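I opened my notebook to get to know a new structure. Here is what I looked up, entry by entry.

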Amino acid sequence: MKRLLSALAAAGVLLVTTASAAPAAPADGGRLPIRPAPATQVWATRALSSQPGQQSQVWLRLDVEEMTPRVITADGPDSITISGKVVNVGDRALEDIELRLERGKPLTSEEDVRKALREPTDAESVQPSFTPVTDRLEQDESKPFRLTVPLRGADPTSLRITEPGIYPILANINGVPDYGGRARLAALSTLLPVLAMPGGQAPTPPANPAKLTVLWPLADRPRVVTASPLVLTDDELAGSLAMGGRLYGLLMAYESALAGPLATGVCLAVDPDLLRTVNAMTQGYEVRGQGAGKGRSAAGLWLDRLRLLAAGRCVIALPDADADVVALSRAELTGMVDLSLAGADVVRAVLGVQPTQGLAWPEDGVVDQQALANLTARGVTSLVVDQSAVAGTPGTEPVRLDAAGKPVTAVRVDGMVSDALHGAATARPVAGVTTPSETRPVSVQNALAALTFRAGFQSTGQNVVLAPPRRWNAPTGEVDTLLRTVKSLVAGGFATPVGMEALLAPPPGRTAALSYPVEAGAREVPPSVTAAVAESWGRLHRLAESMSQPDAASAEPGELIGPLRLTLLRAVSGAWRNDDDGARAALSVGREQIDGLQSQVTVTEPNSPILLGSGDSPIPLSIKNRLDVRITVRIVIEDTPGIVAKELADVELPARGDRLVRVPVEVQRSGRFPVHVRLVTTSGVELGERARLEVSSSAYGTITVVITCLAGAALVLLSARRIYRRVRAARAASAQVPDDARGVKPPERSSTS
């Protein structure tokens with residue numbers, strides 16, 4: 001059992017103190033004033049101060065690769081063995097390195113067990129002798145070790161366990177750093193369940209065994225860039241689906257759980273987006289910036305195996321893309337809530353099974369009142385919730401929640417067992433820290449102890465719903481160890497498998513109040529992301545309103561809009577809780593695709609100026625639609641001095657076609673000037689880029705014509721006046737001239753007169 005992910009079975013970094021800051025330990029290795037790292041933190045470096053004001057330093061890393069046995073039983077060995085290696089990670093050599101296992105008093109109550117899972121408890125009631133590991137360890141050097149200690153007896157290294165119980169165990173390594181004194185170099189704690197003493201009487205199964213239900217999640221973080229053709233952000237999913245990968249190991253473990261009586265109590269919980277992605281991978285795919293992906297064959301084999309195993313079994317559809325329903329409800333994105341709950345259709349289409357209807361399992365198993373109301377309004381009648389989501393009602397059995405007068409059955413996950421698989425709360429990322437969930441430390445060993453306590457020591461017949469983390473990253477060996485222990489408890493009569501349908505069938509007798517933990521709110525997809533998603537979602541919705549399919553030659557608008565809606569949904573996946581950068585990267589993919597969709601409808605800019613011969617000549621526009629659907633657009637002429645756009649009806653563009661449109665305008669001046677044109681949908685969504693047209697007008701505008709006419713009329717009037725005055729003056733002058741001056745002869749006199 002290699003590379004364990006548990007307290008004493010994972011690559012761990014342990015808490016130490018500097019030699020100068022720590023007092024020299026006595027010969028038996030007296031403890032220093034520091035707390036050991038709990039078993040769930042063995043993957044995390046946590047340098048803590050040994051005392052206020054002191055700075056601790058890491059000298060040594062302890063990698064425990066194997067621990068046997070994991071649960072002490074009557075037919076097991078009378079000793080415990082751990083093996084692995086020690087690595088010098090400090091800045092100096094270490095000498096006289098030695099190791100011992102210490103134990104504390106058995107934990108007798110549930111509160112004691114929960115406390116031990118949250119933080120290291122006292123494990124130093126019995127402090128055996130040290131066993132040498134190596135004489136000297138140079139800087140960056142590593143050495144293997146193997147330590148076997150008796151469980152009981154007078155041996156100096158014995159743990160002196162004499163009765164069954166849940167025992168805190170501490171791995172304590174002492175040594176001498178160069179230029180320093182003897183000090184504790186590392187400390188690691190875990191819990192050891194002792195169900196019975198080896199060689200003794202096997203315990204009698206309780207009359208009322210625990211009712212065990214196992215929820216087995218198959219989920220991954222979103223990786224799709226485009227759906228057709230399929231392009232992924234990376235090719236990690238190919239490795240996860242192949243032999244030795246994470247999803248492959250979880251699927252094989254699910255198959256193992258179905259073999260035997262445990263099968264009736266196992267329910268598969270699957271992310272529809274994972275199924276959609278893997279199914280598309282079987283047809284071939286690309287990896288962004290890398291070319292063809294390598295997981296086509298592995299995807300086909302994995303999916304075929306899953307179909308075979310899931311046939312006729314209990315299956316739960318997680319929210320599509322494992323969307324954060326609480327964050328969506330808080331942002332009032334009810335349309336996206338609808339989309340997240342439609343994943344059952346994908347499960348039915350890909351796996352050929354009908355998932356449990358009306359059942360939802362939200363991220364982290366918690367919802368607030370608004371999210372609960374949104375879920376129940378969409379047909380959800382039962383929830384899988386964490387124990388922390390129910391207030392004032394102790395126990396683990398299903399309870400009833402009231403949502404606006406509608407009863408909702410809440411199946412509670414056993415927080416003590418499942419939280420151990422997640423890791424201690426102190427080891428989980430806090431708000432503002434963007435650590436991918438796959439790297440969270442887990443502890444199968446502590447979960448085994450919590451499960452053994454439930455089934456072997458409480459014997460109250462309570463419900464135990466075991467649910468590993470959504471994107472569980474435990475090694476295959478650890479997963480197998482967990483399931484073997486669960487099967488052993490079932491075979492021994494300490495637990496009885498109970499199917500999910502049995503938990504949902506009878507109406508719960510107890511009513512509980514909904515509780516939304518503060519720390520859950522801090523882990524939500526942040527409001528800055530959901531606000532940006534809301535803007536893009538609204539823009540996409542308005543864009544879809546302008547699309548149509550009046551003939552068979554064009555595509556269905558949903559074929560274009562549907563994948564983009566899923567892309568936006570992936571931006572609010574629960575996988576991005578505590579990973580703001582991941583959420584923003586997923587959102588940027590959706591925004592780029594929506595921008596690309598808008599850019600497919602454009603105005604073609606002419607190569608030469610547009611000549612207008614009259615004041616009411618229209619401006620010819622060539623509009624190109626590269627979309628596979630018809631779309632209705634509105635032409636907007638921006639304000640330009642000297643030109644006024646007249647009212648123009650909306651224009652319907654054919655799919656993959658061009659249209660020449662004549663835009664009526666009124667030109668009020670002549671000359672050459674730019675005109676800017678934009679295209680928008682009927683609801684105002686911008687399409688394409690703004691086009692700049694050069695317009696040359698030789699026509700006179702209205703004002704120019706009026707002025708010209710007035711000037712012409714004035715000219716005519718002035719000319720007529722001038723002519724009139726000349727005629728009049730001429731007449732007056734002619735009236736004043738004598739007759740002789742005008743050539744008239746006087747009458748002749750008679751000669752006789």
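**Entry 1: ground rules.** I take a contact, or touch, to mean heavy atoms within 4.5 Å. The model is predicted, so I ask for pLDDT of at least 70 for local features and count side-chain atom pairs only at pLDDT 80 or more, while totals for chains, interfaces and linings use all residues. Residues are numbered from 1 along each chain as its sequence is written, and side-chain values use heavy atoms, with hydrogens and water left out.

**Entry 2: Thr681.** I started in strand 33 (residues 671–681), where Thr681 lies. My helices (H or I, at least four residues) and strands (E, at least two) are DSSP runs, numbered from the N terminus. Which residues does Thr681 touch, not counting those up to four places away in sequence? I found Arg542, Leu543, Ser546, Thr632, Arg634 and Leu687. Is Thr681 buried or exposed? Thr681 counts as buried because its relative accessibility is 0%. The classes I use are buried for under 20% relative accessible area, exposed for over 50%, and partly exposed in between, with a 1.4 Å probe and protein chains only.

**Entry 3: the whole protein.** I counted up the secondary structure and got 18 helices and 34 strands. The protein has 753 residues, and 52% of them count as buried. For contacts between residues at least 6 apart in sequence, I noted that 77% join residues at least 24 apart. The accessible surface comes to about 32,300 Å², and carbon and sulfur atoms hold 52% of that. Such areas come from the Shrake-Rupley method with a 1.4 Å probe; for residues, only the protein chains shown count as cover.

**Entry 4: the cores.** Next I looked for nonpolar cores, meaning sets of buried Ala, Val, Leu, Ile, Met, Phe, Trp, Tyr and Cys residues joined through side-chain atoms within 4.5 Å. In soluble globular proteins, nonpolar side chains tend to be buried together. Here the largest core has 78 residues, and Met336, Leu383, Val533 and Ile635 have the most contacts inside it. Helix 15 (residues 527–545) gives the largest share of this core, 7 residues. Another core lies apart from it, with 75 residues, among them Ala299, Ala420, Ala450 and Leu466. Back at Leu383, I listed its touches beyond four places in sequence, including Leu359, Pro362, Val367, Leu372 and Val411.

**Entry 5: empty space.** Rolling a probe the size of a water molecule over the atoms shows where empty space is left. On a 1 Å grid over the protein atoms alone, a cavity is a set of points where a 1.4 Å probe fits but cannot get out, and lining residues have an atom within 4 Å of a point. Grid points are joined across faces, edges and corners, and a volume is the space filled by probe spheres set on the points. How many cavities of 30 Å³ or more are there in the whole structure? My search gave 3. The largest cavity has a volume of about 80 Å³. Its lining includes Asp220, Arg221, Leu237, Asp273 and Thr277. Helix 4 (residues 272–281) supplies the largest share of that lining, 3 residues. By class I noted 4 nonpolar, 1 polar and 5 charged residues. In that tally Ala, Val, Leu, Ile, Met, Phe, Trp, Tyr, Cys and Pro count as nonpolar, Asp, Glu, Lys and Arg as charged, and the others, Gly among them, as polar.

Entry 6: I found a cis peptide bond between Thr68 and Pro69, with omega about -10°. Pro69 sits in the loop between strand 2 (60–68) and strand 3 (79–88). The bond from Ser228 to Pro229 is also cis, with omega near -5°, and Pro229 is in the loop between strand 10 (224–227) and strand 11 (230–232).

I then turned to phi. Asp140 is not a glycine, yet its phi is positive, about 70°. Asp140 is in the loop between strand 5 (131–137) and strand 6 (142–150), and counts as exposed because its relative accessible area is 61%. Ala321, also not a glycine, has a positive phi of about 60°. Ala321 counts as buried because its relative accessible area is 2%.

Key:
1 Å grid on protein atoms, 1.4 Å probe; cavity = no way out; pocket = protein on both sides within 12 Å on 5 of 7 lines; lining within 4 Å.
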